[in-house]
Amino acid sequence: MDSYPSFFRKYFLLFSFVSILSLSLSAATGVSNKTVVLISLGDISFPLVVEKAKPDTVPPSKAKLTIAPPSSTYEDKEFIEITGESDSRIYVNGQYAGMVGGDNKALITLDTSGDIGKRTYTIVLVDYSGNRSDPLTINIEKIEDPKFNIDYKGMTLYHHNMDSSQYRLAQLSDSEFNGLTAEQKRLVANKLLSTLFFGYPLKTLEEKIDSGQFISNIREGIQEEITDRGWIEDYILDDQYFEQFSQYSDPQAITILSRFYAMKELDSYFLKNWIAYILTQTIMFSPANELDTTHTANISSVYNRIVNFLDDDGGMRYITYVHMMSEDNWRRFRSPEDNGREMLEIFLFDEDDTHVPIAAQALQNWSLNRDGDTLEVGLNENTEPLHLFGTLIVNGDDFYRELVKSDTFTKGVTKRLVDFFFTQSSDAKRAQITDTIVSSHPETWQDILLQIVFSKEYLLYTTRAKSMEETFYSLTRQVHFRHRGNTFYYMKYALEDMHQASMQYKLGRIERVPLDSLSFAYYHKYIREQIFVRRSNPDYEDAYHSWSRQGWGKELVTFDKFDYDENNIESSLENLINHIFKSTISREATSEELKLFRSHMIYEEDGEKHFHWAFDMFTTYNNDPERQEEQRESHKRYIANIIMDYISRLEETYMHKKVK
């Protein structure tokens with residue numbers, strides 16, 4: 001009896017080393033659903049007969065609708081609910097769409113976006129054995145959204161964006177783009193992307209250019225939304241990644257600046273934010289945060305309203321009409337006479353002083369109450385018919401509505417935006433561009449803005465200074481930049497030093513990029529010190545509140561980014577220099593520039609060329625590979641810092657250059 005427990009103790013330990021041998025009995029017995037498992041316990045073996053489970057060959061039942069979609073819709077998605085076998089996979093038109101839950105139910109989203117017409121959806125359930133159910137077929141008719149037929153006293157509220165084929169201002173095509181030299185293509189591509197506050201690392205950019213459809217792919221990309229809006233907002237409002245500030249720091253502006261950096265895709269949501277940002281920098285929609293009657297909330301109020309209207313296909317007349325009647329606008333222009341005059345001058349370029357008393361009379365019951373700076377519309381409304389805009393108006397609503405309905409409005413707002421993008425073009429050229437765009441009858445802000453930035457006139461023939469946002473957002477993506485928590489807090493105040501303040505001025509950025517000595521000195525200082533000569537320390541990758549995290553990323557100069565040969569240090573150095581030049585300012589270094597860097601980093605001794613120690617990216621430590629890699633990366637960083645410092649002083653860094 002004493003040996004009995006010892007026996008089990010011995011073989012209990014041996015169970016850790018059990019080997020299982022499966023032998024099919026089908027040949028010997030004709031039975032295919034049984035298996036012999038040979039269990040070995042040290043020197044003891046015995047067979048165990050196990051019956052195999054029968055394969056599942058029964059398909060799931062056909063899915064049933066518990067919540068059906070409408071037979072027709074103008075929405076871009078519809079929801080349905082089905083019941084079916086639990087844990088089965090759901091396929092809609094062959095695409096995986098989720099799984100049936102344990103309660104035998106599933107909620108499915110049907111994509112109904114696109115052109116008007118019939119949509120057919122085939123829903124199939126597939127179980128774990130691969131058995132497929134009979135298909136459930138659903139038909140939905142996509143119809144025109146009735147909102148596009150809504151008008152208010154002759155003002156149509158909603159509009160589709162024009163197709164680019166309807167633009168009158170000549171657009172750059174893929175074939176014309178592909179006919180440019182390699183350097184010209186990089187220059188044009190980065191000009192377009194940076195104008196849109198975007199950019200790509202060099203390798204990604206060249207892959208997109210080599211596709212042969214760079215222009216059309218960018219156009220298509222900005223019409224489709226793939227950004228997870230909820231994630232973006234959670235991310236930029238998370239103090240772990242982006243420091244949050246009090247109302248005295250204008251946090252609304254900081255959030256907007258952070259969002260452009262956080263959005264990783266150049267899609268339709270990015271475009272709507274970009275359009276809203278451009279408009280709020282102009283005299284037309286500036287929140288005028290510098291005034292004592294405005295409040296920081298006006299920043300987000302004006303900006304977010306534009307984004308939301310663009311989301312809902314609001315026309316530019318409707319968006320402007322709502323803005324002019326808003327408290328935000330009245331906090332900027334505070335009396336009937338002041339408000340009426342400014343609306344005429346800003347949107348129509350109407351400086352006829354005889355029109356001002358008429359506007360003031362129509363607005364006589366409108367005022368800004370300084371108790372909370374609140375818009376107050378009284379009951380002492382004008383009742384006398386007034387002649388203005390070639391029609392009769394009576395009250396404030398009439399004044400704002402008929403203003404945006406006038407043909408002069410389209411020309412006025414187009415001229416404002418043409419002046420904003422063609423700052424260094426002649427008056428005659430800007431007038432020609434304005435008239436051409438107006439002749440296409442734009443009804444949305446996109447119709448004007450995209451017609452400008454994709455045009456041959458802008459991309460090929462125009463030179464102008466980049467705004468700081470254009471430089472910052474493109475460069476940070478090109479050099480794998482990493483931010484720290486308060487990067488955009490400092491960016492906001494740096495913009496003010498440059499006299500390019502965001503959401504700040506009563507009349508917007510009258511001079512989009514001031515280039516006086518002091519303004520440009522602050523501009524150069526910020527770009528140089530915060531991007532070019534600041535490298536992100538990989539050891540602080542997750543330390544969002546450390547200065548060591550901020551700067552260009554090590555990915556910019558990894559050895560896979562450029563051609564190198566350890567036996568030809570001169571060629572390797574030149575390839576690295578050209579890689580950094582192309583990554584940042586689209587061109588290769590000139591022969592004189594290469595000579596400058598070579599003479600600084602390489603010396604000749606006994607007929608052989610050597611790196612100066614600080615720049616030896618091929619330094620060797622035969623017995624210490626980790627130290628060798630560390631030193632090589634460190635020396636490459638020294639090389640890159642000097643090259644980047646040099647580039648930060650070049651005109652191309654701050655200018656959109658013409659190609660032809």
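Tutor: Let's start with a pair of residues: Lys77 stands opposite Asp111 in strand S9. A strand is a DSSP run of E with at least two residues, a helix a run of H or I with at least four, and both are numbered from the N terminus. This is a predicted model, in which local features need pLDDT of at least 70, side-chain atom pairs count only at pLDDT 80 or more, and totals for chains, interfaces and linings use all residues. Residues are numbered from 1 along each chain as its sequence is written, and side-chain values use heavy atoms, leaving out hydrogens and water.

Student: How do you know that strand S6 and S9 pair?

Tutor: Two strands pair if DSSP finds at least two bridges between them. Strand S6 (residues 77–83) and S9 are joined by seven bridges, so they pair, and they run antiparallel.

Student: Why is H9 called roughly perpendicular to H16?

Tutor: Angles are taken between N-to-C directions and run from 0 to 180 degrees; axes are lines fitted to C-alpha atoms, for helices over the stretch in contact. Under 35 degrees counts as roughly parallel, over 145 as roughly antiparallel, 65 to 115 as roughly perpendicular, and the rest as oblique. H9 and H16 (residues 407–421) pack at about 95 degrees, their axes 11 Å apart, which means that H9 is roughly perpendicular to H16. Trp274 of H9 and Leu417 of H16 are among the residues making the contact (heavy atoms within 4.5 Å).

Student: What makes a set of residues a nonpolar core?

Tutor: Its members are buried Ala, Val, Leu, Ile, Met, Phe, Trp, Tyr and Cys residues joined through side-chain atoms within 4.5 Å. Buried means under 20% relative accessible area, exposed over 50%, and partly exposed in between (1.4 Å probe, protein chains only). The largest nonpolar core has 149 residues, of which Trp274, Phe399 and Trp445 touch the most other members. Helix H9 (residues 268–281) gives the largest share of this core, nine residues. A second, separate core of 15 residues includes Val92 and Ile108.

Student: Where does pLDDT stay under 50?

Tutor: That happens over residues 7–32. pLDDT is the predictor's confidence in each residue, from 0 to 100. The chain averages 93, and 92% of the residues score at least 70.
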